Amino acid sequence: MTNILIYALHYEGAINKNSLGAVSEGSRLAGELGGEAHVIMLGEGIPQELAASLGAHGASKVLVAEGPEGLAQPVVDAMAKAIEGGGYGYALFGGGLLGFEIGAGLAARLGAGVVMEVTAVRVEGGELIAERPILGDSAISEIKYRSPVGIVIGRLNAFEARESGGGPAAVEQLAFELSPHAGQATMLVRGEQRGADVDIEGADILIAGGRGLGKPEGFTLVEELAQAFGGNSAVAATRAVVDAGWYPYAAQIGQTGKTVAPKLYLAAGISGAIQHKVGMQSSENIVAINKDANAPIFEFSDLGIVGDLNKILPKLTEAVKARKAG
Ligand SMILES: Cc1cc2nc3c(=O)[nH]c(=O)nc-3n(C[C@H](O)[C@H](O)[C@H](O)COP(=O)(O)OP(=O)(O)OC[C@H]3O[C@@H](n4cnc5c(N)ncnc54)[C@H](O)[C@@H]3O)c2cc1C
């Protein structure tokens, strides 16, 4: 029986979406391995209900450790202690900067094998095989672990958050000791790292703009469409326009930006370069507007519209507004 230990990050009383994806994926994999998915959370006074709620994403047990929140080393200490107890074949992280730091620290502590930027994991012969894009995402390498504990660190939002319909998870307190160096760092401020107020990772609908918008003011067209959709929609961008200073980096999707998986990804004036594709290819529905019928984006779109975005976007905005009003 191989259990999987998953790290869940929480902030202001909620578990972050990336971690929920990791818990869902860990629970699927543990099921296939014939084991259980256990989650570890670290913080000060974590509410019992918050921990137990992870049962809905497939966790059977949540280990709650008391310690300073949002820092890597205390989590490494707590996870090493939990793994010492035995029964864990793998530790899984949803990625993000903290996930990378904890996973790498844990690998060093345990002498374990680690794979970062994992985009898919499967079970084969009772073991996990991690898939990691390499060479600028143009090829996939498959990695098998030789160490007793294998560490899997996903690419940000690579794992989809799914509710499995499970009841509340059992919650246990985990006692552990902070290593002396774990107290060397103190959290001063916690918040959005890049300073912008765009929440593209949590959005259900993303309207993304590329160089085809022509000029910075072109973003008004995508903003108006996002506004017409209302609710949980936001504007995203390609690196080309971020580098040109047309839109903030916090909205950049792709290899050197964020990875997203909204219900709808509408790409306006985006060619569909591989470095952009890797950040949005898991979107449920991809709609692309491009004046070039041979644009690569059409190769992975569910719906392609060949035409001038300057004409199509305002019409689409009107149609969405009319639909909402009706
Ligand atoms: C190491 C590395 C990392 C990178 N990381 C990223 C990343 O994280 N994210 C990212 O996005 N890119 C990244 N890139 C850049 C990437 O290779 C592309 O250059 C970039 O994605 C192109 O952006 P774009 O689609 O906006 O522009 P373009 O490729 O210039 O495409 C513009 C598109 O708009 C269309 N168009 C023009 N006018 C109109 C109109 N009026 N109506 C409709 N369509 C129109 C054109 O036909 C064209 O297809 C990276 C590159 C490298 C080398």
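In this predicted model, the C-alpha centres of domain 1 and domain 2 lie 32 Å apart. Domain 1 covers residues 3-184 and domain 2 covers residues 205-325. Where the two domains meet, nine residues of domain 1 are in contact with eight residues of domain 2, and the side of domain 1 that takes part in this meeting consists, by class, of three nonpolar, three polar and three charged residues.

The chain as a whole contains eight helices and 17 strands. Its radius of gyration is 21 Å, close to the 20 Å that the globule rule gives for 326 residues, and the chain is therefore as compact as a globular protein of that length. Along the principal axes, the C-alpha atoms fill a box of roughly 60 × 40 × 40 Å. Of the 326 residues, 46% are buried.

In soluble globular proteins, nonpolar side chains tend to be buried together. In the present model, the largest nonpolar core has 57 residues, of which Ile-6, Ile-40, Val-62, Met-79, Ala-91 and Val-152 touch the most other members. Helix H3 gives the most to this core, with six residues. Apart from this core lies another, made up of 38 residues that include Ala-234, Val-241, Ala-261 and Ile-286.

Val-62 is part of strand E5, which spans residues 61-66, and it counts as buried because 27 other C-beta atoms lie within 10 Å, against a threshold of 20 or more. When residues up to four places away in sequence are left aside, Val-62 touches Val-39, Met-41, Ala-51, Ala-52, Leu-54, Ala-169 and Val-171. The C-alpha atom of Val-62 is separated by 9.9 Å from that of Leu-50, a residue twelve positions away along the chain. For Val-152, with residues up to four places away in sequence again not counted, the residues touched are Tyr-90, Leu-92, Val-115, Val-118, Val-121, Leu-128 and Ala-130.

The ligand is surrounded by 29 residues, the closest of which are Gly-210, Gly-212, Arg-239, Gly-254 and Ser-271. Two or more residues of this shell are given by each of helix H6 (239-243), helix H7 (274-280), strand E16 (285-290) and helix H8 (309-325). By class, the shell around the ligand divides into eight nonpolar, 16 polar and five charged residues. Gly-86 itself is found in the loop between helix H3 (72-84) and strand E6 (88-93), where it counts as exposed because it has 8 C-beta neighbours inside 10 Å and the limit for an exposed residue is 12 or fewer.

A further loop position is that of Pro-180, which is placed between strand E12 (170-174) and strand E13 (205-209). With 7 other C-beta atoms within 10 Å, Pro-180 is exposed. Pro-180 and Pro-74 are 106 residues apart along the chain, and their C-alpha atoms are separated by 9.9 Å.

Backbone geometry was also considered. Most residues other than glycine have a negative phi, and most peptide bonds are trans. Glu-12 has a phi near 50 degrees, a positive value in a residue other than glycine, and Glu-117 likewise has a positive phi, near 60 degrees. Glu-12 is found in the loop between strand E2 (10-11) and strand E3 (14-15), whereas Glu-117 is placed in strand E7, which comprises residues 113-118. Glu-12 is exposed, with 7 other C-beta atoms within 10 Å, whereas Glu-117 has 20 other C-beta atoms within 10 Å and is therefore buried, since 20 or more are required.

Technical notes
Residues are numbered from 1 along each chain as its sequence is written. This is a predicted model: local features need pLDDT of at least 70, side-chain atom pairs count only at pLDDT 80 or more; totals for chains, interfaces and linings use all residues. Helices (H or I, at least four residues) and strands (E, at least two) are DSSP runs, numbered from the N terminus. The radius of gyration is taken over C-alpha atoms; the globule rule is 2.2 Å times the number of residues to the power 0.38. A residue is near a molecule or strand if its C-beta atom, placed from the backbone, lies within 6 Å of it. Ala, Val, Leu, Ile, Met, Phe, Trp, Tyr, Cys and Pro count as nonpolar, Asp, Glu, Lys and Arg as charged, and the others, Gly among them, as polar. Domain bounds come from an automatic or database domain assignment. Two residues are in contact if their C-beta atoms, placed from the backbone, lie within 7 Å. A nonpolar core is a set of buried Ala, Val, Leu, Ile, Met, Phe, Trp, Tyr and Cys residues joined through C-beta atoms within 7 Å.
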